[in-house]
Structures are given as C-alpha cells and as structure tokens.
Amino acid sequence: MHISLLKATTFFYLAGALLYLYFIITLNERGARLGRMFLLIGVIVHTAGFALRYASAGYTPVTNLFESLSFFALSIAGTFLVVEIRYNLRTLGSFVAPLAFIFSIFPAFLPGEIAGLAPALNSYWLPVHVILLFVGDAVFAVAFGAGVMYLLQEKQVKRKKMGAIFKRLPSLDVLDEVNYRCLTIGFPLLTMGIITGSIWAEYAWGSYWSWDPKETWSLITWLLYAALLHGRLTVGWRGRRAAILAIVGFGAVLFTFLGVNLLLPGLHSYSSLSR
Amino acid sequence: MGHIIIIGLNHRTAPVEIRERLAFPAETIGHALRGLMEKESLKEGVILSTCNRVEICALAHQNFRGVSEMKDFMSAFHGIPLPELDGYLYHYEGDEAVHHLFRVASSLDSMVLGEPQILGQVKDAYGYAGEFRSIGTILDKFFAKVFSVAKRVRTETKVASSAVSVSYAAVELARKIFGDLTDKTAMLIGAGEMCELAARHLVSAGVKGIMVTNRTFERAVKLAEEFRGTPIRFDELPVHLKRADIVLSSTGASHFIIQKQDVEEVIRIRRNRPMFFIDMAVPRDIDPDANQIDNVYVYDIDDLNNVIETNLEERQREALKAEEIVTEEVRSFRRWLDGQQVTPTIITLRRKYEEVKNIEVTKAVSVLGGEDPKTRKVVESLASSLLNKILHAPIAALKKDADGRNQMELVATVREIFDLPESPEQTENGEADETGQASRK
C-alpha cells in the first residue's frame, strides 16, 4: 500500500510540474492554480505514504536510497509550497516543481521493500539528523530555483533585451529576497544536521568526526553556504553573486547526497544503490 | 424595433482644428442629448467626446433618415454647415456600428493602441446618457456589452500590458528591478520634460521620497515643491547620490556628470543595494559603462526607445487576437438583438388575435342567448384552440429560427402578412417571455 502511494506521488509531481510549465508559457492563471493543487495533493499523498511506511517499518524510513530520494522530493515540494504561498511566486513553480518530480522518479524505479534496519542506524538520532538535513537541502533547492531565475532575469535587464522571460519572471528584488530567506533558514538546518550527525557518530562509531567522504563533502557544502551568508551579512553580497553561489551550493548539496553515495564508499554507505 | 447607428470623426479622419470645433464639452452634453432626442427618427442616444474623437451613437427607427438626422443635428448644434463637415464624418449602421464601438472601447481604434483612458471616457459618455435619460433598454444592453468586451480584450490579450511611453517604460523597469517601490528613493537631476513625467509616474507608483537637484537651486526648490520632495544643491549631488535607488537625469551638460568610478564608489557604500540610472539627456549624463557594474543598471534614451518599440510590436500582435474577440462578440450581440426582435413580434401577434378572439366570442355568445355558462365555455374553448392551432406554425417558425440568418426577414414577413403594427409596447408579460427565451439558449 505505502509503496504504491509513494510511487503515485511521481505522477502528481509530474502533473504539477507540467502545469507550472504550461503556466509560464501561456501565463494562463489556471495552470498555476491547478499546478499548486496537484503538488499539494502530491505532498498529502506522499506524507500519508511516508507515515504508513513508518508504521509498518517501525523506524523513520530514510535509511536507503529509495527512501531518501523519496523523502527529498517530498521536502522540496513541501518547501516550495510554503515559499510560493508566502511570496506569491507562481513562476518559481516552473523551476522547482520539476526538481520535486525528478527526485521522485528514481525511487519509482527502485525496489521499495522494507529491508530491515542496519543496527548502527537504530537510534533516536536517525530521524533528527536525516530530516534536518533533507529539509535544509530542500530549502537550498528552492534557493537554487530562485538563483536560476535571478540570473535569467538579470541578463534581460542588463542586456536591455526584454523578451518573453522578462515579462514572466518576477522582480530581481523578490528573487534576491528568496535567496536570502532560504539561506537564513537552510543554513541553520544544515548546521544542526551536521552537529546532530556528529553527536550520533560519537555514540555509534565512537568518534565525532572521522573524515568519511560524506562528512567531508558536508563540510564543503557548509563552508560554501557559510561564505555566502557571511558575504551577505558583512560585505553586502547580493544579486548575481548570491545567485551563482546558491546554484554552486546546491551542486555541492547534490554531490554530498548522491555523488558520495554512488561514487565514494565510506561509513555512510547505507544508502548506496547496492543495498 | 430599430437599429444602432454611429456617426463620428476621429484623429484619422479629421485634423485637430475640426475636432475641437465639433467636440461636446461636458457642460453642453445634457443640452446636446436633449437636442438629439428631439429628432423624430431617434429613440436613444449617447455622445462620446474626447480630444481624439467625437462619436454619436443612437438607436433609430427602421428607416433611412437616422444618419441624415444625426448629421443635421451635429451641423446645427455646432453651427457648421453640413457640406463643410460631411467629409470628416464616418457613419456605421447595425453590426458595423456595434463592431466599431467595441473596437473603440477596447482601444483598438486609439491613436496609441491599447491606451487605457478611452474605456473610462466611454463609461463617462454612458453615465451622461443615463443622467439625461437619453438611454433605453437596447443601448443600455449594448453599452453593458461594450464594457464587457473591453474588459475581455484587456484580460485575454496583452494589448495594453506593457509600457509604450518612455516614462512608463522607465517605471516598469524600476518595478522589475526593485519590485515594491514604496521604500525606494528617487533622485531627479536637471529638468527635462520626460524626466519630470517619469518622476511623476514614480511618485504615483508610491516611491518613498524624491530628491531634486538642478544647476539653479531655485528651480530645484520649485520642482521639489511640486513633487513634495527635497531640493538638493547641485554641488552636493555626490554626497546624496548614495541615498538614491533610482536616478533620473536630463541636464544640458556636455560631458558625463556621473562617471563609472563615482558609481563604483557609491555602490560599495550602499553595500550593493541596486541602483537604476535613467539617462534621458543627449549628450548623455551618465557613463554607460557603469552598466557593467554588478547591481547597477543604466538605461539611456535609446535603450528606453528600444524597449517601447518591442512593446509596441507586441501590442500589434496582440491586437489581432483582440480583433477576433471583437468579431466574435459582435456575432453574440447580434444574436441577442435578433432574439429581441422575435419576442416582441410573437407578443404582438398573440395580443392582436387574442383581441379578435375576445370580440368574436362575445358576439357569438350573445347570438346564442348567452346566459348559460356552459355555452360560453364551449365557444371560448373552440375559439382558443382554433387560434392556437393557427398561430402555432408561425410562432414555432419564429422561435425555431431565432439563431438563423434569415431571421430578420422572417420577422418582417410575419409582421407584414399578419399586418402587425411597427412598434410594440414592452409589457411585463413580454419581459417574462424574453427571459424564458434567453434561458433556453
């Protein structure tokens, strides 16, 4: 039951993404409204599936690649809905909803059976550590979308060629504001995620920090966002530079999450494909 | 029934010297509408008078004197002999008139395609007609339709969506850079006309404050008063520049008054908060290379003109869509008008023969002795069913063809062979029937 629910969400995210794309092309309001509705249904179904899986597995289902990707897609869709409603940024959906869809595709093709929990993962720290990080990453995904939009729009204004994009995208100021807000929310989540992970590592592996690839790349990601936040607060980095860093930062997020799992073996390899 | 006629002139058919002589200023409109209604072939009338056009829209009886009476009225009211006037006037009747006013109100016939004022002016014209009671059911319905068509055009096409004047284009750009303008400060350097206009738009867009500077300080003070802004001495400009988010400049200076390195310095002090320079001066006031600095945008007059040109092209593309909407709506209004004509015809037809029936029944009953209620009942039911059977075919034919092309002719034929009077009075009964007809569609 929960597996079909989790896999069904791919369809809702696809419909949502397509409707938002339809909206940005035609500017037909109905596209945005329906797109939001589909994403909302997707999030509800997804949450229900997640809860059912939690109930039948007896642990928070974020322990392998299927579960993590699926939860990441849920976090992105949920975060996007919050930002969209807060800033009324419907065009953001055309950039972020496809991300939720893309991350929900892979789990749809992975086996979803509950495989039993590795002993090292059996801890109260599991949900805290993983959920903090995934929600943080989802917030960075939204910042990534806003960053891409900023660069597109900035190019229009700078080059003085007002095309179709100029009309459709929101003002530079709002996009920069989203970048900043996401940073101030995502960065603390990332920080706490890393700290809780470190404490948990002390319990589980007997050391706070052991430079396994996942840890190293988390630190690189953290440093990137720390630099951005610092630059924003002290020197007044903003606009293009902030947008580019948000895009690069999200690249680091993805590599930490997927690249490390698939390419670099280490202590964190609970969630590689081979499992 | 009558049909809709429009006579008028606009910026394309008449030069301003003629238009100003034929305009109806607000204070004369009441008088004019009363004069118009005295014409015997006209039933309802509306007068639209703007600086680019004068249009008289009237509902005329079905004959050929409507147009000439309206022209006579125009000529007499303004005291200009008709031959002198006639060459400037156009006239439209029926569907063409409907089509014309739909286009006018949707701003498809305007000098600046898509300009927004015309709809308000049409609404004013309608308001005057209501005030002076020169409007009746048909034109009332017509104007309601005119407004809904204009609204449809505005929401379904982008014919009025983007700025087509330099000053509006500047404000539109400012919005794309800053989003909300209410916490932004503008600075006006020099006193070019277009700059002042743009400043005015910025003020009405709600900028927080406006600084005004000029080589002659008195001029700055005067302008600042006008915008409720702060006057700044010209030599203090560099000090205040850092407070300005939007800079509008049009001085007569022969060299750049703001250099690239000035902007670099200011943007550092502002911690990269964006700046938007609008340079309307020729020769230019602001070093165009400043546009290369991050978070700085410099537009000169050519840049703005290019923006407008792109926007105008877009409006023209959108206008094609708008024309389709108008054509479609003309058809829909035509259907309403036609249905309008079927219904009163049926009512008149029924009423005429009900009267005949009543007279004949009374006669028959009195010949038969008349006292017995049963006799009266039999005679009456005979007459009623006979009448219903005879009238059933023509009424069914009228209703059946309510959407058809030949309907006007059919109505005319029915009126002729049953010898119906030209103009039936509307009754409560008729209105009930009319809504029934409408809901069946």
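This is a predicted model: local features need pLDDT of at least 70, side-chain atom pairs count only at pLDDT 80 or more; totals for chains, interfaces and linings use all residues.

Me: In what order do the 6 strands of the open sheet of chain B lie?
Reply: The strands of this open sheet pair in the parallel sense. E7 and strand E10 (296-300) of chain B pair on one side only, as edge strands do. Neighbouring strands are turned by 20 degrees against each other on average, direction ignored. Read across the sheet, the order is E7-E6-E5-E8-E9-E10.

Me: Which helix carries the chain from E5(B) to E6(B), and what is the hand of the crossover?
Reply: Strand E5 (residues 185-190) of chain B pairs with E6(B) in the parallel sense over 5 bridges. In this pairing, Ala186(B) stands opposite Ile210(B) of E6(B). The path from E5(B) to E6(B) runs through helix H9 (residues 193-204) of chain B, and the β-α-β crossover is right-handed.

Me: Which residue is the bridge partner of Asn214(B) in E7(B)?
Reply: E6(B) pairs with strand E7 (residues 230-233) of chain B in the parallel sense over 4 bridges. Together with helix H10 (residues 217-227) of chain B, E6(B) and E7(B) form a right-handed β-α-β unit. The partner of Asn214(B) in E7(B) is Arg233(B).

Me: How many residues of strand E6 of chain B are buried?
Reply: E6(B) pairs with E5(B) over 5 bridges, and with E7(B) over 4 bridges. The strand covers residues 209-214 and is mostly covered. The count of buried residues is 5 of 6.

Me: At about what angle does helix H8 of chain B run to E9(B)?
Reply: Strand E8 (residues 246-250) of chain B and strand E9 (residues 275-279) of chain B run parallel, joined by 4 bridges. In E9(B), Phe277(B) is the bridge partner of Val247(B). Helix H8 (residues 166-178) of chain B lies across E8, E9 and E10 of chain B, and the angle between H8(B) and E9(B) is about 165 degrees.

Me: What is omega at the peptide bond that joins Val282(B) and Pro283(B)?
Reply: Pro283(B) lies in the loop between E9 and E10 of chain B. Most peptide bonds are trans. The bond that joins Val282(B) and Pro283(B) is cis, with omega about -5 degrees.

Me: Is Ala322(B) buried or exposed?
Reply: Ala322(B) sits in helix H13 (residues 301-367) of chain B. Beyond its neighbours within four places in sequence, Ala322(B) is in contact with Ser106(B), Leu108(B), Val153(B), Thr157(B) and Val159(B). Thr157(B) is 165 residues away from Ala322(B) in sequence, yet their C-alpha atoms are 6.4 Å apart. Because 27 other C-beta atoms lie within 10 Å, Ala322(B) is buried.

Me: How many C-beta neighbours does Phe140(A) have inside 10 Å?
Reply: Phe140(A) belongs to helix H5 of chain A. Leaving aside neighbours within four places in sequence, its contacts are Cys182(A), Gly186(A), Gly249(A), Phe250(A) and Val253(A). Phe140(A) counts as buried, and the number of C-beta neighbours inside 10 Å is 30.

Me: Is Trp211(A) buried or exposed?
Reply: Trp211(A) is in the loop between H7 and helix H8 (213-234) of chain A. Its phi is near 50 degrees, a positive value in a residue other than glycine. With 11 other C-beta atoms within 10 Å, Trp211(A) is exposed.

Me: What is the phi of Arg133(B)?
Reply: Arg133(B) is in the loop between helix H6 (117-131) and helix H7 (137-156) of chain B. Arg133(B) is exposed, since 11 other C-beta atoms lie within 10 Å. Most residues other than glycine have a negative phi. Arg133(B) has a positive phi, near 50 degrees.

Me: How far apart are the end C-alpha atoms of helix H7 of chain A?
Reply: H7(A) has 34 residues (172-205), so at 1.5 Å a residue it should span 50 Å. Just after H7(A), Gly206(A) takes a positive phi of about 80 degrees.

Me: How do the residues of the side of chain A that touches chain B divide by type?
Reply: The contact takes 16 residues from chain A and 17 residues from chain B. On the side of chain A, helix H5 (125-159), H7 and helix H9 (239-263) each supply at least two residues. By type, the residues of that side are 7 nonpolar, 3 polar and 6 charged.

Note on methods. Residues are numbered from 1 along each chain as its sequence is written. Chains are lettered from A and ligands numbered from 1 in the order in which they are written. The expected span of a helix is 1.5 Å times one less than its number of residues. Two residues are in contact if their C-beta atoms, placed from the backbone, lie within 7 Å. Ala, Val, Leu, Ile, Met, Phe, Trp, Tyr, Cys and Pro count as nonpolar, Asp, Glu, Lys and Arg as charged, and the others, Gly among them, as polar. A residue is buried if 20 or more other C-beta atoms lie within 10 Å of its own, exposed if 12 or fewer, and partly exposed in between; C-beta atoms are placed from the backbone. Two strands pair if DSSP finds at least two bridges between them. A crossover is right-handed if, with the strands pointing away from the viewer, the path from the first strand over the helix to the second runs clockwise. Axes are lines fitted to C-alpha atoms, for helices over the stretch in contact, and angles run from 0 to 180 degrees between N-to-C directions.
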